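Me: I have a structure open and want to go through parts of it with you. Can you take my questions as they come?

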Amino acid sequence: MELDVLVTEGLGDSSYVLTWGDEAAVIDPQRDVERFVDAARARGATIRHVVETHVHNDYVSGALELRAASGAEIWGPAKAGYAFGYRPIEDGTQIALGDATLLAISTPGHTPEHLAYVLREVAEPIALFSGGSLMVGGAGRTDLLGPERTDELTRLQFRSMRRLAELADAVRVLPTHGAGSFCATGSPREQRTSTIAEERAANPAFTETDEEVFVRHQLSGLMAFPDYYAEMAPINRAGPPVLGSPSHPRTMTVDEVSDGLDAGARLVDVRDGAAFAERHVAGSLNVPLEPSFASYVGWLVPFATPLVLSVPDDEAADEALGEASVQLRRIGWDAVLGHLGGGIAAWAASGRATNSFPTVRVDELVDELGAGEAGEILDVRQGTEWDAGHLQGSTHVFVGDLPERLDGFDRSERQTVICASGYRSSMAASLLDGAGVPVRLVARSGVPRALRSLASSR
């Protein structure tokens, strides 16, 4: 039995490809399935099984894509409510994988129907595919389905942890969610896999035996999660459309883009914040193309709004388009009309409106703070980050909440927008600029460095 771990960095998730002989199984695949097919093929195998731990809230499942590509059989929780054909699994169900088996264990908490799977060779447990139950350094969050179910699910998660704690120390822990996932509580460790022994030694969620303490800890310090999450479970239950081989967004003329925007499409510019600040299509949204690009598009734009992408007009354009398309595909955003041919230069040459706004370095902002000349500073980090430390006199609005708060800004006051690194502040500055609020962007670095600089100057 061979194991490949495929990490989707932007979602903070891992998927697993198990191969034995010329057959393979995939646990919790995303929708861009070519990489799973390639991993199996590299070991001389064809994917025969797709196994789901739960109805995913953070991405669109690739189960149907894999079935279409390889004829694989889909297995999933009997209580998932999938509307498409699949093999329903309950507690105690075993899936034969050559000489090995996957044993399903009911582990509700992250979701009500959640299952984990123990991989056994010659009846010996060797690995746990724990999905969103046990994680490296924590446990999956239990509040994603709404406040009315949070207490119930948190207590179920506690009981699931106690059940998994019965496994032997040597069993490998192979979770779906991990560092970087909004499905995680607290700050999970950076490592993607672990063992039961390691979790017993270092995971408070795994070792806590007092249910009330577990509930309190599990629900404290939670980060906001993207708005698009609300759309994922219904899509996954119904079964997403099968798209087949990925394709690049088509090149659109300036006139076509303009017509699309007039009809309600949104232009998303994937360049870095400094390039966007220098010149951009008036009213466009800047979401720099980083691993979490799609998560923030799904946070800041109403789900399934038709999109036009604007990428750098250089030799990296094709790569950027491919990456943006794959990320959007993972969250079910299929309404990508195309991309602006010729980029911002073509738009400007047509005589259509462009905007720009200034940027400022962190050290310059620190000097202004010392002189009392910084003006209004808007911190757009998560609430937990703000609570851990912020610039004196700054105002806090998390970037994910900003679209609903734009009317509250004074159009006569310039906002200097800052986050931890310049990534989220770039998005926030573009939103404010599009709403007619004067902005200045801290495009690189952010609050942590500013606080260190201020502390060292005292």
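Me: What should I know about the model and the numbering before we start?
Reply: This is a predicted model, in which local features need pLDDT of at least 70 and side-chain atom pairs count only at pLDDT 80 or more, while totals for chains, interfaces and linings use all residues. Residues are numbered from 1 along each chain as its sequence is written, and side-chain values use heavy atoms, with hydrogens and water left out.

Me: Where does Arg250 lie?
Reply: In the loop between α7 (229–238) and β15 (251–252). Helices (H or I, at least four residues) and strands (E, at least two) are DSSP runs, numbered from the N terminus.

Me: What is Arg250 in contact with?
Reply: Glu256, Leu337, Gly338 and His339, leaving aside neighbours within four places in sequence. Contact means heavy atoms within 4.5 Å. With Glu256 there is also a side chain to side chain polar contact at 3.5 Å. A polar contact is a pair of N or O atoms within 3.5 Å; within protein, one must be able to donate a hydrogen and the other to accept it, and residues adjacent in sequence count only if both atoms are side-chain atoms.

Me: Which sheet has β15 in it?
Reply: An open sheet of five strands, in the order β15-β20-β19-β16-β18, with parallel pairing. Its edge strands are β15 and β18 (285–286), each pairing on one side only. Two strands pair if DSSP finds at least two bridges between them.

Me: How many bridges join β15 and β20?
Reply: Two, in the parallel sense; β20 covers residues 336–340. Thr251 has His339 as its bridge partner in β20.

Me: Which helix lies across β16?
Reply: α10 (residues 293–300), which lies across β16 (266–269), β18 and β19 (307–310) and runs at about 145° to β16. Axes are lines fitted to C-alpha atoms, for helices over the stretch in contact, and angles run from 0 to 180 degrees between N-to-C directions.

Me: Now the other sheet. What is the order of its six strands?
Reply: β1-β2-β3-β4-β5-β6, an open sheet with mixed pairing. β1 (2–8) and β6 (87–89) are the edge strands. The twist averages 25° from one strand to the next.

Me: What packs on that sheet?
Reply: Helix α2 (residues 63–70), touching β3 (23–27), β4 (46–51) and β5, with its direction at about 155° to that of β4.

Me: And Ile89, buried or exposed?
Reply: Buried, at 2% relative accessibility. Ile89 is in strand β6 and stands opposite Pro77. Among the residues it touches are Trp75, Ile95, Leu115 and Tyr117. The C-alpha atoms of Ile89 and Trp75 are separated by 6.7 Å.

Me: Switching to rings. How many aromatic pairs are there?
Reply: 13. One of them is Tyr228 with Tyr229, with centres 5.1 Å apart and planes at 80°, so the pair is edge-to-face. Rings of Phe, Tyr and Trp (its six-membered ring) pair if their centres lie within 6.5 Å; planes under 30 degrees apart count as stacked, over 60 as edge-to-face and the rest as tilted.

Me: Which rings are linked into a cluster?
Reply: Those of Phe182, Tyr296, Trp299, Phe398 and Tyr423.

Technical notes
Buried means under 20% relative accessible area, exposed over 50%, partly exposed in between (1.4 Å probe, protein chains only).
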